[in-house]
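Subject: Structure handover and notes

Dear colleague,

I am passing on the structure that I have been reading, and my notes follow it. Please keep the structure open beside the text while you go through them.

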Amino acid sequence: MNEQKILRNQLFKFIKSNLLNLIIVFLLFGLFMIFLVRRITFSSANMELRENVRLIKKNLRNLESLEIVKEQEEVNEFQEYGILSSINNPKILCLIRDEDGEILSTNASYLSNSAFEDFDFDDEEIDKPYNVLINEDYLYKGITIDISDVTKTTTGYIQVLINIDFEEEMTKIYERIVISSIIFGIGVSVIASIIISRKSLSPVAEMLKKQEEFVQNVSHELRTPLTIIQAKQELLLSDPNAKIVDKLEDISVSLNETKRMTKLTKDLMTLSRGDSKQLEINKEEVEIDQFIENIGKTYKEIITLQEKELILDLNYQKIASIDTNKIYQVIVILLDNAMKYTEPGDKITIRTYLKDGKCVIEMADTGIGINDEAMKHVFERFYRAENSRSRETGGSGLGLSIADMIISKHGGTIKVSHNNPKGTIFTIRLPR
Ligand code: ADP
């Protein structure tokens, strides 16, 4: 399994456990909300019920001597004495039952006793709230008072009920809202985690891909010179009596490839020092025009030998704070490229000027140029444009990435653009 797959699996596991935690949190939160709403919604019904139970008990105590019997007259008498007279809440229903649980009377004269016939009455449940469904449609919360507990002289029960259809309906609506919100929340979290994980995975995957490519490029770049050196040395060994002068070409090819490897390893070291933030920038104040002129002097001869022209157009006329060794390396990389990718008769121009408070150094050539697609990649490690002759010219595609790294360590930028009518311009902008 390659690294990307391992990474994807790890991430998938991570998302799964995160989602699970999230779902648990959502569910607990939802359950807590439902519990809370139930308590709040039913609390006023509970209070009303208990208040009425208290009132009835008080009335009963006042009528302690009264006897409750089944006869209608007596019941009316019972009512007359005002046991239920204090009940003025239309939501409250009171049923007076005899000791066998038979209904004697209710405070709801509009309802016949038969309306309550098929609902269970449990004379064991005294003074505790319970829910009861009347006529299979109406939900009531009830508390039963055992009259004998209160009056001592009289037997029977008073069942006090409060209608909680509205509260039940409200909590159901609320439960539906909470459940849909939880489902919606979980759905959104799943989608969000997928999007976020994809987004966070892609730069890591990209980095791993680049790392893999980098290792492949390094081995490829090292393999080529090593193969050449090995072949040339085998050739030398196959003819032990030959004189050095006869084998000059083989020896010089081996030497060139060794030099190429040395440069490659040096470049790789520079890049790796830059990556691990070990590349130190030691700035000093330098007269930029003078600095460029000195480099120009060193290269003028060789450029003229190549039948090309080096033009210096130096107008910065100020001091800038730079690491001279590192910026020298950058100018040499650019100048080297300009020489590699130009033909005899071409011009190489180095310009300096001040723009927007920045020190600008331009390296322009009238050479083969770089196409638009390649321009997007020239600063990438090991990138060589297709039409490039860099292999012949000893390039490994690391020069511009080193230049880019050095300039950004100075807090500046380096950009590439087309020169008119042909060729390339590299523009460096450095803070002063
Ligand atoms: P190399 O060592 O191969 O030159 P660089 O990183 O310096 O590597 O450059 C990357 C690629 O950019 C080169 O291979 C070449 O294709 C292109 N390039 C760089 N400078 C120029 C230039 N002045 N003109 C045309 N192409 C260039």
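Which residues does K326 touch, not counting residues up to four places away in sequence? Before the answer, please note that this is a predicted model, in which local features need pLDDT of at least 70 and side-chain atom pairs count only at pLDDT 80 or more, while totals for chains, interfaces and linings use all residues. Residues are numbered from 1 along each chain as its sequence is written, and side-chain values use heavy atoms, with hydrogens and water left out.

K326 touches L279, E280, I281, I406 and H410, where contact means heavy atoms within 4.5 Å. This lysine belongs to helix 7 (residues 324–340); helices (H or I, at least four residues) and strands (E, at least two) are DSSP runs, numbered from the N terminus. K326 counts as buried because its relative accessibility is 15%, and the cut-offs are under 20% relative accessible area for buried, over 50% for exposed and partly exposed in between, with a 1.4 Å probe and protein chains only.

Five strands form an open sheet with mixed pairing, in the order 7-9-10-12-11, and two strands pair if DSSP finds at least two bridges between them. Strands of a sheet pair through backbone hydrogen bonds, either parallel or antiparallel. At the edges are strand 7 (309–314) and strand 11 (413–418), each of which pairs on one side only, and the twist from one strand to the next averages 15°. Strand 7 pairs with strand 9 (residues 347–355) in the parallel sense over six bridges, and T349 in strand 9 is the bridge partner of I311. Helix 9 lies across strand 11 and strand 12 and runs at about 135° to strand 11; axes are lines fitted to C-alpha atoms, for helices over the stretch in contact, and angles run from 0 to 180 degrees between N-to-C directions.

The structure also holds three aromatic pairs, which are rings of Phe, Tyr and Trp (its six-membered ring) with centres within 6.5 Å, counted as stacked when the planes are under 30 degrees apart, as edge-to-face when over 60 and as tilted for the rest. One of them joins F121 and Y157, whose ring centres are 5.4 Å apart and whose planes stand at 65°, so this pair is edge-to-face. It links distant parts of the chain, since F121 is in the loop between strand 2 (103–106) and strand 3 (130–134) and Y157 is in strand 5 (residues 157–163), 36 residues apart. Both F121 and Y157 are buried. Another pair, F379 with F426, is edge-to-face because the centres are 6.2 Å apart and the planes are at 90°. Both F379 and F426 are buried.

Finally, some backbone details deserve a careful look. Most residues other than glycine have a negative phi, and most peptide bonds are trans. The peptide bond from N420 to P421 is cis, with omega near 0°, and P421 lies in the loop between strand 11 and strand 12. Q317, which is not a glycine, has a positive phi of about 55°, and F382 has a positive phi near 70°. Are Q317 and F382 buried or exposed? Q317 is exposed, with a relative accessible area of 63%, whereas F382 counts as buried at 9% relative accessibility.
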